[in-house]
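Me: I would like to learn how to read this structure. Please take me through it feature by feature.

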Amino acid sequence: MPDNAIFAYVAYVAAAVVYGAYVVSLVVRRRRVQERLDRQARPGAAPQR
Amino acid sequence: MDASPRAPSRPGFDWFLTASVVAVVAVFVRAIFFMPVEARQGAAQKIFYIHVPSAFIGLYVAFGIVAIAGALYLWLRDDRLDRIAASAAEVGVIYMTVVLITGPLWGKPVWGTWWTWDARLTLTLFIWFVFVGYLILRGAVEDPGTRARYSAVLGVLGALLVPFIHLSVYLFRTLHPMPIILKPGQPSLPSNMLATFLMAVVALTMLFFALLRARYRLAVAMDAIGDNDASDATPVSTLRPEPVR
């Protein structure tokens, strides 16, 4: 039986990093957008663009 | 049809996304630590449990949604369909990135090479480029109607590669293994491996729809502030200097 477990471990870690990084990116982008929405909602606030 | 977004709800704790992540982690742990090592391929065979479900969901589910939502957008002109297509494309690219990383990690120990330019692998790389291009296109076109129309056409055309990718192992000589699940007749897997594979399909499908929902909500919020796209990129037109008067 070939000893190639390192390839499986690297594949699982890589998949976890890609999926995890995307989840984090969604959370971070959503918070940034919410901050901009909150700034726009303040009375007298100038529009962002 | 102008489907203006309602005021987006504030981001809160996403139970569906959390449950999906827990399910994926549980399947990963089961696959790595509790599944038997295949006699001929060794432990590298376990890459199958992430590579195949990610490819299945990325190609058939994600890019299928892009094509259907895009085609419906061209017919109905409903902005919600454009948001669904854009969200599915972004999540699909993430899934196909995992496919393109894990495939060579399986190929090196089993085939003896990281990559070969056969039809299945090359077409998979092409469809990844097409949908990365789709995302770049969305960031480059500022007018929402034009952006939605162009990207709907590209999404429909890009998804036409999916049946060719599925049939490529039958149509061309290839190193890539023949299907062992999506084929006529019984799946050729032992029952415990098949059960783990199906768990991985369920967990990664849950994660896909959780990510799709989160990305769609982000798109609604971005539309509410009138931003071009959900990336943080500054539109090129805003970087142009003001003309000197």
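Reply: Start with helices. Helices (H or I, at least four residues) and strands (E, at least two) are DSSP runs, numbered from the N terminus. A:Glu35 is found in helix H1 of chain A. This is a predicted model: local features need pLDDT of at least 70, side-chain atom pairs count only at pLDDT 80 or more, and totals for chains, interfaces and linings use all residues. Residues are numbered from 1 along each chain as its sequence is written, while chains are lettered from A and ligands numbered from 1 in the order in which they are written.

Me: How many helices and strands are there in chain A?
Reply: Chain A has one helix and zero strands.

Me: Is A:Glu35 buried or exposed?
Reply: Count the other C-beta atoms, placed from the backbone, within 10 Å of the residue's own: 20 or more is buried, 12 or fewer exposed, in between partly exposed. A:Glu35 has 10, so A:Glu35 is exposed. Of the 49 residues of chain A, 22% count as buried.

Me: At what angle do H1(A) and H7(B) pack?
Reply: Axes are lines fitted to C-alpha atoms, for helices over the stretch in contact, and angles run from 0 to 180 degrees between N-to-C directions. Under 35 degrees counts as roughly parallel, over 145 as roughly antiparallel, 65 to 115 as roughly perpendicular, the rest as oblique. H1 (residues 5-41) of chain A and H7 (residues 191-224) of chain B pack at about 25 degrees, axes 10 Å apart. The two are therefore roughly parallel.

Me: Which residues make the contact of H1(A) with H7(B)?
Reply: Contact means C-beta atoms, placed from the backbone, within 7 Å. Among them are A:Tyr22 and A:Leu26 of H1(A), and B:Leu211 and B:Leu218 of H7(B).

Me: What about H2(B) and H7(B)?
Reply: Their angle is about 45 degrees, with axes 9 Å apart. That makes H2(B) oblique to H7(B). The contact includes B:Ile57 and B:Ala62 of H2(B), and B:Leu204 and B:Phe208 of H7(B).

Me: Which residues have the most contacts inside the largest nonpolar core?
Reply: A nonpolar core is a set of buried Ala, Val, Leu, Ile, Met, Phe, Trp, Tyr and Cys residues joined through C-beta atoms within 7 Å. The largest has 68 residues; B:Ala62, B:Tyr95 and B:Leu207 are among those with the most contacts inside it. H1 of chain A is one of the helices that each supply at least two residues. H3(B) gives the most, with 15 residues.

Notes
Two residues are in contact if their C-beta atoms, placed from the backbone, lie within 7 Å.
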